Amino acid sequence: MTPLESSPAWKALARHHSEIEPLHLRDLFATDPHRFDRFSREACGLLMDWSKHRITDRTLALLFELARERDLEGWRDRMFAGERINWTENRAVLHVALRNRSNRPILIDGQDVMPEINAVLARMADFTARVRGGEWKGYTGRPIRDVVNIGIGGSDLGPRMVVRALRPYGEGGPRVHFVANVDATELAETLEGLDPEATLFVIASKTFTTLETLTNARSARAWLVERLGSEAAVARHFVAVSTNREAVAAFGIDIDNMFGFWEWVGGRFSLWSAIGLPIALAVGMERFEALLAGAHAMDEHFRTAPLEENLPVILGLLGLWYADFFRAPTWAVLPYDQSLELFPAWLQQTEMESNGKRVDRAGRIVSWPTSPVVWGAPGTNGQHAFFQLIHQGTQLVPADFIATARSHHPWGDHHRLLLANCLAQTEALMRGKSEAEVRRELEAEGLSGEALERLLPHKLFPGNRPTTTLLMEQLTPERLGALIALYEHKVFVQGAVWGINSFDQWGVELGKQLAGAISPELVEGRASEGHDASTRGLMEWYLRHRG
């Protein structure tokens with residue numbers, strides 16, 4: 001594989017960057033009244049506006065040329081065809097099959113995976129209907145009122161984010177809670193006030209060996225058995241999402257209440273599988289399937305649309321443009337909808353665990369930046385926290401703004417004010433405020449002379465800060481599915497162009513291995529000589545003070 005920086009399009013983009021860098025977005029808009037029309041598109045119920053980016057037609061042409069040189073379309077087609085593009089683990093990458101509402105055959109090694117997927121969905125639908133309808137009873141005959149999902153990483157972040165986002169659709173279902181952190185505080189505070197007779201636990205772990213998940217699951221099991229007085233209660237209050245039948249049965253869970261999935265489902269792309277069971281329990285299977293349908297619509301758009309009209313491709317290439325040529329170290333994601341408050345946290349794993357890689361497909365250390373640091377918070381809260389840095393700080397922070405035209409809570413003028421702030425922020429970041437504008441403003445306030453000159457530089461806004469705006473009519477299951485799939489495919493696009501494997505996560509493993517070595521030493525009350533002086537000193541301090 002040719003190194004990325006040897007690509008003709010990459011070299012052309014490097015030269016082009018020197019032409020773009022001095023241009024200001026304010027001037028680009030002033031000279032092109034049709035800029036929004038040319039640099040915005042609508043697909044799958046989402047309007048994406050990328051006109052407030054530091055680009056020209058030439059920039060996009062070179063980025064599309066780079067994508068073609070790096071065989072983005074070929075890699076995309078191989079993913080949809082079920083090829084083992086996760087080459088370090090020899091696995092296919094088929095989260096798109098999980099939401100394949102067309103039901104067309106998708107093959108792995110000649111075997112259509114759709115019948116098995118449909119069978120699991122049918123079992124989820126049956127179980128969800130029984131729990132939500134009160135037919136599923138706990139050990140004492142009480143219906144379920146609370147569901148606690150115990151998982152971590154992809155078995156937690158995706159379902160947790162979606163359940164929060166779709167809370168307006170949760171009427172008639174149980175309350176759904178999430179526990180991930182091995183810090184007992186999260187489990188204890190979640191169980192506080194719950195009725196064990198009416199609580200169902202979903203243990204989500206592909207291998208059923210994940211340390212944090214199993215530690216929390218065992219503690220939840222002990223809590224339930226102590227309060228209900230029988231080990232037999234476990235079978236009526238615990239279900240599993242896993243592939244390890246033996247470990248699930250040993251825990252006390254009836255195998256009939258285990259929901260499986262497959263090795264080709266990556267953790268951070270798994271909310272579409274049985275890992276999404278808490279979503280279905282929260283909002284009903286019909287709405288879970290609507291979520292799948294929205295994602296499938298975006299899959300079809302990504303699979304079939306020309307690169308120049310393809311929203312995930314454009315979003316991914318813009319991210320690459322800033323990370324690699326402007327060397328922007330971070331990217332902000334700013335949902336102007338409180339229901340999406342967990343979206344940045346979900347996206348952190350989706351992007352940084354996928355593309356936080358330092359070697360290419362050939363195992364060579366890359367010489368270009370890969371994933372930026374992804375961060376963000378809902379507007380308008382962020383405006384009163386970190387927007388100062390985005391507007392006037394020394395780092396370039398590209399940002400995505402996400403908003404809806406209609407709120408699920410249309411109280412008074414709240415939503416109009418929210419949208420006004422969203423649109424005003426993108427305009428302010430683009431335009432800035434020039435010295436002449438600030439000077440006129442201060443003079444109108446009666447300032448002059450030394451007082452004016454002293455204050456003037458503090459009120460200057462450089463502008464020229466790039467933003468993408470994504471709008472949808474309302475946050476529905478379908479639109480949320482499309483939004484999530486949009487960002488999943490953005491990650492794929494960048495990984496394909498960078499030439500890295502977006503679907504493994506070896507960097508997660510080292511800390512787990514070392515924790516496995518340290519934990520028994522903390523039980524025994526000793527720190528071995530095999531640790532460095534710092535780690536040994538910290539362990540010894542803990543052992544003296546743990547009480």
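The structure holds 38 salt bridges, a salt bridge being a side-chain nitrogen of Lys or Arg within 4 Å of a carboxyl oxygen of Asp or Glu. The model is predicted, so that local features need pLDDT of at least 70 and side-chain atom pairs count only at pLDDT 80 or more, while totals for chains, interfaces and linings use all residues. Residues are numbered from 1 along each chain as its sequence is written, and side-chain values use heavy atoms, with hydrogens and water left out.

**Charged pairs**

Select Arg142 and Asp195. Their side chains meet in a salt bridge, at 2.7 Å from N to O. This pair links distant parts of the chain, 53 residues apart: Arg142 is in the loop between α7 (114-132) and β5 (146-150), and Asp195 is in the loop between α9 (184-191) and β7 (199-204). Helices (H or I, at least four residues) and strands (E, at least two) are DSSP runs, numbered from the N terminus. Arg142 is partly exposed at a relative accessible area of 33%, and Asp195 is partly exposed at 26%. These classes are set with a 1.4 Å probe on protein chains only: buried is under 20% relative accessible area, exposed is over 50%, and partly exposed is in between.

Asp360 is buried, with a relative accessible area of 5%, whereas Arg364 is partly exposed at 33%.

Then display helix α20 (residues 449-455), which contains both Glu450 and Arg454, four residues apart, or about one turn of the helix. The two form a salt bridge with closest N and O atoms 3.3 Å apart, and both are exposed. Elsewhere, salt bridges that share partners join Arg26, Arg431 and Glu437 into one network.

**Cavities**

On a 1 Å grid over the protein atoms alone, a cavity is a set of points where a 1.4 Å probe fits but cannot get out, and lining residues have an atom within 4 Å of a point. Grid points are joined across faces, edges and corners, and a volume is the space filled by probe spheres set on the points. There are three cavities of 30 Å³ or more.

For the largest cavity, of about 90 Å³, select Trp75, Ile85, Trp87, Arg361, Phe492, Gly495, Ala496, Ile500, Asn501, Ser502 and Phe503, which line it. Helix α21 (residues 477-498) supplies the largest share of this lining, three residues.

The second largest cavity holds about 50 Å³ of space. Its lining consists of Leu98, Ile117, Val120, Leu121, Met124, Trp262, Trp272, Ser273 and Ala274, with the largest share, four residues, from α7.

**Nonpolar cores**

A nonpolar core is a set of buried Ala, Val, Leu, Ile, Met, Phe, Trp, Tyr and Cys residues joined through side-chain atoms within 4.5 Å. In the largest core, of 120 residues, select Met124, Trp264, Phe343, Leu480, Leu483 and Tyr487, which touch the most other members. The largest share of this core, twelve residues, comes from α21.

Centre the view on Tyr487. Beyond its neighbours within four places in sequence, Tyr487 is in contact (heavy atoms within 4.5 Å) with Leu315, Phe343, Trp346, Leu347, Glu351, Asp400, Ile402 and Leu470. Finish at a second, separate core of 24 residues, including Leu187, Phe208, Leu224 and Ala240.

Note on methods: 1 Å grid on protein atoms, 1.4 Å probe; cavity = no way out; pocket = protein on both sides within 12 Å on 5 of 7 lines; lining within 4 Å.
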